Amino acid sequence: MTTISAHTRIGSINRTLQFLLLHGILLAYSVLTIYPIVLVLINSFKSRQAIFRNPYALPTPETFSTVGYDTVFNRAAFPSYFVNSLIVTVVTLLLIFIIGSMASFALSEYRFRGNTLLGLYLSIGIMIPIRLGTVSLLRMLVSLGLTNTLAGLILVYTAQGLPLTIFVASQFMRDVPRDLKDAARVDGASEYRIYWLILPLVRPALATILVFNMIPVWNDLWFPLIIAPAENVKTVTLGAQVFMGQFVNDYGAVLASLSLAMIPIIILYILFSRQLIRGLTSGAVKF
Amino acid sequence: MTRKRFPTHIIVFLAPAVIIYTVFMIYPLIDSLRLSLYAPSAENPQVEEFVGFKNYETLFTDPNYAPRLQGAVKNNFIFFAVHMLVQNPVGLLLATLLTSQLTRWRGVFRTALFLPTMLSFVLVGFIWGNIILSPLWGIADDFFRTIGLGDLIQPWLGKPETALITLSLVSVWQFIGIPMMLFSAALIGISDELIEAARVDGATAWGVFWYIKFPLILPTVGIVTILTFVGNFNAFDLIYTVQGGLAGPNFATDILGTFFYRTFFGFQLQAGNPTMGATIAGVMFLIILTGVLVYLVGFQRRLTRVEY
């Protein structure tokens, strides 16, 4: 009896130790990821002198200042950068969502000649980055009059996002039971109608896709820099980069611009994260 | 006998994706490879003429290009090595901890660990380049002093010997969320019964990880490796935001992406050269393609053979 209870006691001490160690490591790493971001946020609400006097301190009534945000909103075209980024990201995601899910549906639903080959063709872009074609892409956009337009960016990002989207979504659509679709067909539903009925069933996959497409599009610097650098079409990422160059000593303004640039993406992530995890764990990212 | 018509609805479903993808992705990739075989004509620089592999010859032998190419390739491999040695093992460790049965507040930790991955390069570059590692703020200095390692205080990004490794680690900080997510997903997929059975047989936590979990997530290890490879050899943004297009100090952080950008677009006094840019893109294409083929043939195929 005594040996058993001694055993369980050691066992439970071990478990407690394990529990503490495990959470200790996770907590320490979380501090490493969160603290720098918190530093940006708290200092964006402080006056310039206060930032350098003590960067670790929270803003107090004496040091609180929104001068950075004032600069961002009044002296730079930041609100317009914001709108540009939102338009580019939202329209790109919509296009990827509609076009990608349609193609995935066709690839997973119908047996036709060249199906496998087309699937392979469409997945080349998962591995070969679109950036490598930039020289030619820029020339084409120039000849189409699409440089310095949001449409140009949207088309490039849509092309960039489609391969992975189609790859993941078509695997998911394959898992939708046949009976369901056939029942709808018997009821006289058109193929378009059936596609529309399938969409809600693959929601987790689509959420995964949205998050994975949203982050690189919102944060991209390369294409805005090369194909849409004009003031009226600048995205937040490029705007913040240029802004940092101009206002390099105005830390308050730079910190404010950076704080603003990260908010939308974090909100979108929180909105989708539940579905993201479900999508990931149910095998959305099996190659 | 008439041939059966290809069903219209299949075309309607597929056409938009195929057209956008072909026009804006596949065509530019191929056309860019074609452009790498052309150069502005000596008589009329407006006209480009076919020169065969001469651009590649220039890139590999010309004293203006060859040292930069070698430097960029070498730096890129170091950049990749740091990701493989730090990002992916630590990502796996965090995923293992996150998916452990003992772990509480999983969602909170997961979001915290994934947070940097959502941030733009501009923000990440500014946080590390201008705040933490900047002597002006001295946050890294304070940190080293606090933990009693004052000797480590130095301009990490300013010295050619340390700048590349430092930037690679910043990139690791940013992207660790991706292996963490993919490994978590794979680990969650492992059945509890399997692990329980091993425990009953007396396996230690380490034994369970090494002999049961790791072999089962091997496919994910492959995916993470190839994604890291492609991402690293295509990287540009972080180096550009922190060190500028010249990838200083003295090209110590120059990788293929920054070399490509400078050559294609020009930087400061150097004029842009699109066809030479396309040539560098061609080299990047070859490197990435080689990596992908090694993965598909050498790794993925062997895995499927084991499965059946």
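Which residue of chain B forms a salt bridge with Arg139(A)? In this predicted model, Arg139(A) pairs with Glu48(B), and the closest N and O atoms are 2.8 Å apart. A salt bridge is taken here as a side-chain nitrogen of Lys or Arg within 4 Å of a carboxyl oxygen of Asp or Glu. Glu48(B) lies in strand β2 (residues 48-50) of chain B and Arg139(A) in helix α6 (residues 134-144) of chain A, so the pair joins two chains. Helices (H or I, at least four residues) and strands (E, at least two) are DSSP runs, numbered from the N terminus. Glu48(B) is partly exposed, at 27% relative accessibility, and Arg139(A) is likewise partly exposed, with a relative accessible area of 33%. Residues are classed as buried under 20% relative accessible area, exposed over 50% and partly exposed in between (1.4 Å probe, protein chains only).

Because the model is predicted, local features need pLDDT of at least 70 and side-chain atom pairs count only at pLDDT 80 or more, while totals for chains, interfaces and linings use all residues. Residues are numbered from 1 along each chain as its sequence is written, chains are lettered from A and ligands numbered from 1 in the order in which they are written, and side-chain values use heavy atoms, with hydrogens and water left out.

Chain B contains 14 helices and two strands. Its C-alpha atoms fill a box of roughly 80 × 80 × 35 Å along the principal axes. Of the 308 residues of chain B, 53% are buried. Contacts (heavy atoms within 4.5 Å) in chain B between residues at least 6 apart in sequence join, in 63% of cases, residues at least 24 apart.

The interface of chain B and chain A involves 90 residues from chain B and 87 residues from chain A. The buried area is about 8,400 Å², with carbon and sulfur atoms giving 80% of it; this quantity is the accessible area (1.4 Å probe) that two parts lose on being put together, summed over both. Two salt bridges cross the interface of chain B and chain A, and 17 residue pairs are in polar contact (both at pLDDT 80 or more). A polar contact is a pair of N or O atoms within 3.5 Å; within protein, one must be able to donate a hydrogen and the other to accept it, and residues adjacent in sequence count only if both atoms are side-chain atoms. On the side of chain B that touches chain A, helix α1 (residues 8-35) of chain B gives the most, with 22 residues. That side has 67 nonpolar, 16 polar and seven charged residues, where Ala, Val, Leu, Ile, Met, Phe, Trp, Tyr, Cys and Pro count as nonpolar, Asp, Glu, Lys and Arg as charged, and the others, Gly among them, as polar.

Asn219(A) belongs to helix α10 (residues 203-219) of chain A and is buried, at 5% relative accessibility. A polar atom of the Asn219(A) side chain lies 2.9 Å from the backbone oxygen of Met118(B). Leaving aside residues up to four places away in sequence, Asn219(A) touches Thr237(A), Met118(B), Leu119(B), Ser120(B) and Phe121(B).

Over all chains, the whole structure has twelve salt bridges. One of them joins Glu109(A) and Arg185(A), with the closest N and O atoms 2.8 Å apart. This pair links distant parts of the chain, as Glu109(A) is in helix α4 (residues 78-109) and Arg185(A) in helix α8 (residues 178-186) of chain A, 76 residues apart. Glu109(A) is buried, at 5% relative accessibility, whereas Arg185(A) is partly exposed, at 25% relative accessible area. Arg185(A) also meets Asp182(A) in a salt bridge (3.2 Å, N to O). Both residues, Arg185(A) and Asp182(A), lie in helix α8 of chain A, three residues apart, about one turn of the helix. Asp182(A) is partly exposed, with a relative accessible area of 33%. Through shared partners, salt bridges join Glu109(A), Arg178(A), Lys181(A), Asp182(A), Arg185(A) and Glu191(A) into one network.

Chain A is assigned domain 1 (2-53) and domain 2 (67-284), the bounds coming from an automatic or database domain assignment. Their contact takes nine residues from domain 1 of chain A and eight residues from domain 2 of chain A. The two domains bury about 750 Å² between them, 76% of it on carbon and sulfur atoms. No salt bridges are found across this domain interface.
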